[in-house]
Amino acid sequence: MPPQETPNAPSPATNAFTARDVVEILREQSWLLGDATPAQFAWCERAAALLGAQAPDRGSLADLLELVFRYDAKETLAKVESHSVLSRYAARDVVRHLALLLLDGAPLTTDRFKEIITALKDRVGLGSRELFHPLRLALAGRAGAGELDRVILLLDEAAALSFSVPVKSARERILEFCAALD
């Protein structure tokens with residue numbers, strides 16, 4: 001007997017994008033010059049897998065990729081939305097504890113990201129929204145939904161590669177964010 005469908009259940013997002021789409025966007029934005037190396041192409045495959053289902057169109061995918069390649073903490077903190085996030089209860093505590101957890105410089109992998117989230121929940125005792133919005137703001141440069149977590153997971157891998165624009169690692173971003181915050 002087939003499972004019964006729920007009439008209002010969201011359908012799983014499909015991914016219409018491939019590594020080649022990511023490579024094309026990187027070239028268009030001058031983040032990649034020439035052919036992708038095997039390591040860069042592997043990163044593009046991961047980016048397509050992580051971000052593709054989050055992007056309803058090519059422009060949205062390019063916007064998410066821009067968060068990897070373009071980061072300026074001062075610009076981020078100059079936005080009204082950023083102040084709204086940082087004015088919430090314990091938001092600055094989240095940023096401070098996140099910085100302490102990222103200072104060791106170990107690569108931010110999926111497993112490490114989960115460990116950091118668990119540690120932050122234990123240290124500051126906050127729920128998801130209060131925890132994730134300042135974290136996403138500090139590392140992705142924008143507060144928002146789960147697609148930003150996927151952007152964050154791409155940072156350290158991209159930072160280790162030689163793109164035409166240096167990518168700031170999660171550690172570099174949190175240090176820049178904290179310096180601009182003071």
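**Charged pairs on the helices**

Select D93 and R96, whose side chains meet in a salt bridge with an N to O distance of 2.2 Å; this is a predicted model, and the distance is to be read as such. The two residues are 3 residues apart in helix α6, which spans residues 91-102, and therefore they are separated by about one helical turn. D93 counts as partly exposed because its relative accessible area is 29%, and R96, at 46% relative accessibility, is likewise classed as partly exposed.

The side chain of E28 meets that of R58 in a salt bridge of 3.0 Å, N to O, and because E28 lies in helix α1 and R58 in helix α3, the pair ties together parts of the chain that are 30 residues apart in sequence. At 31% relative accessibility R58 counts as partly exposed, as does E24 with a relative accessible area of 40%. Over the whole structure, a search finds 9 salt bridges.

**The largest pocket**

Now display the largest pocket, which has a volume of about 300 Å³. It is lined by 16 residues, and those closest to its centre, which are the ones to select, are L67, T76, K79, G141 and R142. The elements that contribute two or more residues to this lining are α3 (58-69), α4 (73-77), α5 (80-86) and α8 (128-140), and the largest share, 3 residues, comes from α3. If you colour the lining by residue class, it divides into 8 charged, 5 nonpolar and 3 polar residues.

**A surface patch and a buried alanine**

Move on to L100, L103 and L175, which together make a nonpolar surface patch of about 250 Å². L175 belongs to helix α10, residues 170-181, and counts as partly exposed at 37% relative accessibility.

For the last stop, is A158 buried or exposed? This residue of helix α9 (residues 147-159) counts as buried, because its relative accessibility is 0%. Select S169 as well: the C-alpha atoms of A158 and S169 are separated by 7.9 Å, and the two residues are 11 residues apart along the chain.

Terms used: Residues are numbered from 1 along each chain as its sequence is written. This is a predicted model: local features need pLDDT of at least 70, side-chain atom pairs count only at pLDDT 80 or more; totals for chains, interfaces and linings use all residues. Side-chain values use heavy atoms; hydrogens and water are left out. Patches are made of residues with over 30% relative accessible area and no salt bridge: like charges are joined within 9 Å, nonpolar side chains (Val, Leu, Ile, Met, Phe, Trp, Tyr) within 5 Å. Accessible areas come from the Shrake-Rupley method with a 1.4 Å probe; for residues, only the protein chains shown count as cover. A salt bridge is a side-chain nitrogen of Lys or Arg within 4 Å of a carboxyl oxygen of Asp or Glu. Helices (H or I, at least four residues) and strands (E, at least two) are DSSP runs, numbered from the N terminus. Buried means under 20% relative accessible area, exposed over 50%, partly exposed in between (1.4 Å probe, protein chains only). On a 1 Å grid over the protein atoms alone, a cavity is a set of points where a 1.4 Å probe fits but cannot get out, and a pocket is an open set with protein on both sides within 12 Å along at least five of seven lines; lining residues have an atom within 4 Å of a point. Grid points are joined across faces, edges and corners, and a volume is the space filled by probe spheres set on the points. Ala, Val, Leu, Ile, Met, Phe, Trp, Tyr, Cys and Pro count as nonpolar, Asp, Glu, Lys and Arg as charged, and the others, Gly among them, as polar.
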